[in-house]
Amino acid sequence: MQKRDSLPLILTAGFVLMVLALNFQIFTQPIVEAGDYAANSLLVQQARHFRLLTGHYSRWQFQHPGPAFLYLFALGEVLFYDLLHVVPAPYNGQILITIIFNGALLCAALYVFRRHAKLSVPLALLATEVVTVLVNTSGQPSMLISNWMPDVLLFPFLLFAVSAASVLAGETRDLPFLAVSGMLLIHAHFAQFLFVGVIGGATVAYILVLAQRHGGLRPFLSERRWDFIVAAAIVFVFAVPPLIEIVVDRPNNLDALLSYLNQFGGTRNNVGTAIGYFACFLLFIGRPDIALTKGPIGILAIGSSRFGVVAYWMIMALLFVAGLSRYAAMKQRPPFLKYLTWIGAGSVVLFLYWAKRITGGFLVFNGTFIYSLHLAAWFLLLAMIEPGLNRRVARNIGALTLLVIFILGIGERKALRASVGSQPDDVQAALAVPASRFGTLALTFEHNDWPSAVGLAISMQRIGKPFCVNPNWGVMFSKANICPDMRMADQLRLTTDVTPCKPPCRNKIGRAHV
C-alpha cells in the first residue's frame with residue numbers, strides 16, 4: 001500500500017501559520033468593512049441563515065452565478081467570531097477563513113502534483129511566496145490574504161489546472177478536485193463558464209474517448225464509477241442554489257445576465273490590446289488600464305522598472321533552460337507535466353479570447369486569476385529539475401528554503417498582510433440612527449457616497465436596525481433590502497458633503513452625517 005504523502009499538509013500548514021502570524025492584527029483589531037466588502041457582507045448575512053441563492057453583485061446589474069464563497073465567509077463569521085471568539089469583529093472572521101481556505105487549496109494542488117512528479121514542497125512554497133509578494137506590491141494586496149471577490153479565484157484556478165492535468169494523466173480519483181475547483185470558479189465569476197467549460201469539458205471528453213479506444217467505455221465507467229459519482233454530486237450541490245433562484249424568482253438573475261449580454265455582448269477589443277493586457281499580468285503591473293495606454297514599449301518599460309520583476313524573469317529564464325535540458329534527458333517523462341503544459345497554454349488562449357470581449361475597461365481585477373499560471377509554471381520547472389538532484393542535496397536545499405521563506409516573510413511582511421481599511425465611524429453612525437416609525441429606514445445617498453452607504457447598511461443590519469434602499473441599488477444591497485414603497489418609509493439620508501447638520505440629523509463622526 002502506497003504511503004500517503006503528508007509533506008504538503010505539514011509544510012503548507014506551517015506556511016499558513018506564518019502568514020497568520022504576520023496578520024496578527026486580525027486577531028486584535030476589529031475591521032469594520034465598507035464598499036464592496038460591506039456589499040458582500042450584506043449577502044453573507046443571508047448566507048448565515050441559508051437564504052442566499054446567487055453570488056455577489058456585478059457592476060453590470062446582475063449577480064455572479066453562485067454563493068459558494070459567501071457561504072464560506074459566513075462560516076468564518078460564525079466559527080471564528082460567534083463560536084470561538086478568536087477575532088474581534090465578524091469581518092475579521094471572513095479574512096481568517098479566506099487565508100486558511102487558500103492554504104487548503106494550495107495544499108491540495110501540491111498533493112495532486114506530487115502524485116505524478118517529484119516536486120520540492122519547500123521550493124514550491126517559496127515560489128508561492130515570491131509570486132504573492134510581487135502581486136501584492138504591484139497594487140492593493142490581493143493574493144492569498146484578500147477576500148475581495150476578484151482575488152479569491154487564484155488558488156481555485158491553480159487547483160483546477162493541476163487536477164485537470166492529473167485526470168488527463170489517468171487519475172480519475174482527482175475528478176472531485178476538478179469539480180470542486182471548477183464550480184468555485186463558476187460561482188465566483190460569470191466569465192469562468194468559458195474556462196471551466198472548455199478545459200473541464202475537454203478533460204472529461206478526452207478520458208472518455210481514450211477509454212473507448214482502450215478496452216471500452218462501459219468497463220472504464222464501471223471501474224471508476226465512484227470517481228464520477230462523487231464529482232457529479234459535487235457539481236449538483238453547487239448547481240442547486242442558482243437553479244432554485246432561476247425557478248423561483250421572476251425576473252431572475254438569468255434574465256439580468258441575458259439583458260447584459262444583449263446590450264454588451266458585441267463588444268470587441270483588438271488582439272494587440274488583449275495581448276498587452278495579458279502581458280501586464282506577466283510583468284506584475286498593478287494598473288493594466290493605465291499601462292495599455294502606453295503601448296507595447298510602455299508596458300515593457302513599466303514592468304521592467306521594478307528590479308524584483310527583472311530578477312524574477314531572469315531566474316525563470318535560467319530555470320526554463322535548466323528544466324528543458326533536464327526534461328529532454330529524462331528516460332521516463334511524466335505525462336502529467338505535458339498535460340499541465342497544455343492546460344496552461346489553453347488557459348492563455350482562452351484568456352486572450354476573453355480579453356477581446358471585456359466590457360468597461362481592462363481593470364486589474366478582471367484577470368487576477370491568471371496569476372495562478374505563474375505558480376503552475378514554477379511547479380512545472382521545479383518538477384523537471386528535481387529528479388536530477390542528489391537526495392542529500394535536495395534535502396539540504398529544502399531545509400535552506402524553509403529558512404528563506406521565513407526570512408522573506410519577515411522582510412516582506414507588509415505585502416503579506418491584509419490591508420482592508422476599517423471604518424469604525426460606520427458603527428457609531430449606525431448606533432446613532434433613530435428608530436423608524438414604520439419599522440424600516442429608507443437609506444438614500446448620492447452615487448459617489450455608495451461605499452459609505454453600504455458600510456453604514458451592514459453596520460445597521462448587524463445591530464438589528466432594518467433599512468431599505470431604492471430599487472436602483474437592489475443589485476448591490478441585495479433584493480432583500482429593496483424598499484417596497486419609498487413613500488412608506490422614513491428617509492435616512494447619508495452624505496459626505498460638509499453641510500449644516502441640525503437635529504434630527506446625526507453626525508457620522510467627522511466625515512458624514514445621517
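Asn269 counts as buried at 18% relative accessibility, where buried means under 20% relative accessible area, exposed over 50% and partly exposed in between (1.4 Å probe, protein chains only). This is a predicted model, in which local features need pLDDT of at least 70, side-chain atom pairs count only at pLDDT 80 or more, and totals for chains, interfaces and linings use all residues. Residues are numbered from 1 along each chain as its sequence is written, and side-chain values use heavy atoms, with hydrogens and water left out.

**Around Asn269**

So where does Asn269 sit? Look in the loop between helix 11 and helix 12 (271-282). Helices here are DSSP runs of H or I with at least four residues, strands are runs of E with at least two, and both are numbered from the N terminus. The side chain of Asn269 reaches the backbone oxygen of Ala355 at 2.9 Å. A polar atom of that side chain also lies 3.3 Å from the backbone oxygen of Ile358. Both pairs can be read against the polar-contact rule: N or O atoms within 3.5 Å; within protein, one must be able to donate a hydrogen and the other to accept it, and residues adjacent in sequence count only if both atoms are side-chain atoms. Setting aside neighbours within four places in sequence, Asn269 is in contact (heavy atoms within 4.5 Å) with Ala355, Lys356, Arg357, Ile358 and Phe362.

**Another asparagine, this one in a helix**

Asn136 belongs to helix 5 (residues 121-136) and is buried, with a relative accessible area of 3%. What does its side chain reach? For Asn136, it is the backbone nitrogen of Met143, at 2.9 Å. Met143 also turns up among the residues that Asn136 touches, next to Pro141, Ser142, Ile145 and Ala415, once residues up to four places away in sequence are not counted.

Ala47 is part of helix 2 (residues 35-48) and is buried at a relative accessible area of 2%. Leaving out residues up to four places away in sequence, Ala47 touches Leu52, Leu70, Tyr71 and Ala74. For a sense of distance, take Asp490: it is 443 residues from Ala47 along the chain, and their C-alpha atoms are separated by 28 Å.

Leu319, in helix 15 (residues 307-329), is buried with a relative accessible area of 15%. Apart from neighbours within four places in sequence, Leu319 is in contact with Trp378, Leu381 and Ile385. Here Asp426 gives the distance: 107 residues from Leu319 along the chain, with 50 Å between the C-alpha atoms.

Here are the two C-alpha pairs side by side.

| Pair | Separation along the chain | C-alpha distance |
|---|---|---|
| Ala47 and Asp490 | 443 residues | 28 Å |
| Leu319 and Asp426 | 107 residues | 50 Å |

Next come a few backbone angles worth a look. Gln61 has a phi near 70°, a positive value in a residue other than glycine. Gln61 lies in the loop between helix 2 and helix 3 (68-83) and is partly exposed, with a relative accessible area of 45%. His85 is not a glycine either, yet has a positive phi of about 60°. Is His85 buried or exposed? His85 is exposed, at 60% relative accessible area, and is found in the loop between helix 3 and helix 4 (90-114).

There's a cis peptide bond too, joining Arg250 and Pro251, with omega at about -10°. Pro251 is placed in the loop between helix 10 (225-248) and helix 11 (253-264).

**The chain as a whole**

Zooming out, the protein chain has 21 helices and five strands. Its radius of gyration is 24 Å, close to the 24 Å that the globule rule gives for 514 residues, so the chain is as compact as a globular protein of that length. That radius is taken over C-alpha atoms, and the rule is 2.2 Å times the number of residues to the power 0.38. The C-alpha atoms fill a box of roughly 80 × 55 × 50 Å along the principal axes.

Of the 514 residues, 51% count as buried. Among the contacts with a separation of 6 or more, 75% come from residues 24 or more positions apart.
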